[in-house]
Amino acid sequence: RNYAMNQANLQLAYTGMMRSSYRQSWFAESVLYADTLSSLPGIDEAHHTEASFYKAKALNEQNQTDSALDLFRRLTLARNGAISAEARYNVAAIYLKQGKLKEAEQMAGETIKKSAGQDFSIVKSYILLGDILTRQKDYFNARATLQSVVKNTKIPELKAEAARKLDIVKELEKNASKLED
């Protein structure tokens, strides 16, 4: 940063510091670097979008969900498909965290429909739908959704996450059943 003499080098330096601080879980610093990057004169749309994205993620990690939600909502319209898909997923996840099940379900569905080619965000949204259905005590559909993820996804960490949640749903379904074994 101290040796950057031109605009391109400043953008590169702040982008790197923003990303690095986020990956190190230094979320407050990541927000500051994102703000600085966004305020540089002549910043292009791609850098501004990325700065907003990292800021939203860092705010969310710091449990500043209202601020994060506002940024994520704006990012759902980003030209970068990966960022807009992950932003839609995060809006749905925040709604779930806030107990707004209808809004969460709607946004998860929108993520699935509008995120072609963004498999990670799509599969995460299906898992989130499983969580929503579980919260609604619709164990049958939650189980079916999670079983589909386990059967069809090729992303190992998401397959494992869905399998863990599927075990929980099966246990909840069994405990809620009026039938005996």
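Let me begin with a term: a residue counts as buried under 20% relative accessible area, as exposed over 50%, and as partly exposed in between. The model I am showing is a predicted one, and with that cut-off in mind Glu 45, whose relative accessible area is 45%, is partly exposed. Its salt-bridge partner is Arg 79, with the closest N and O atoms 3.5 Å apart, and this pair links distant parts of the chain, since Glu 45 sits in helix H3 whereas Arg 79 lies in the loop between helix H4 and helix H5, 34 residues away. Arg 79, at 72%, is exposed.

Helix H3 also contributes Lys 55, whose side chain meets that of Asp 35 in a salt bridge of 2.8 Å, N to O; here Asp 35 belongs to helix H2, and the two residues are 20 apart in the chain. Lys 55, at 22% relative accessibility, counts as partly exposed, and so does Asp 35, at 32%.

By contrast, Asp 70 and Arg 74 both lie within helix H4, four residues apart, about one turn of the helix, and their salt bridge brings the closest N and O atoms to 2.5 Å. In total the structure holds ten salt bridges.

Turning to helix packing, H8, residues 139–152, and H9, residues 156–176, pack at an angle of about 155° with their axes 9 Å apart, and they are therefore roughly antiparallel to each other. Their crossing is left-handed, and the residues of this contact divide into 13 nonpolar, one polar and six charged.

Key. Residues numbered from 1 in each chain as written. Predicted model: local features only at pLDDT ≥ 70, side-chain atom pairs only at ≥ 80, totals over all residues. Heavy atoms only, no water. Axes fitted to C-alpha atoms, helices over the stretch in contact; angles between N-to-C directions. Parallel < 35°, antiparallel > 145°, perpendicular 65-115°, else oblique. Left-handed = near helix turned anticlockwise from the far one by under 90°. Nonpolar A, V, L, I, M, F, W, Y, C, P; charged D, E, K, R; others polar. Salt bridge = Lys/Arg side-chain N within 4 Å of Asp/Glu carboxyl O. Buried < 20%, exposed > 50% of the residue type's maximum accessible area, 1.4 Å probe, protein only.
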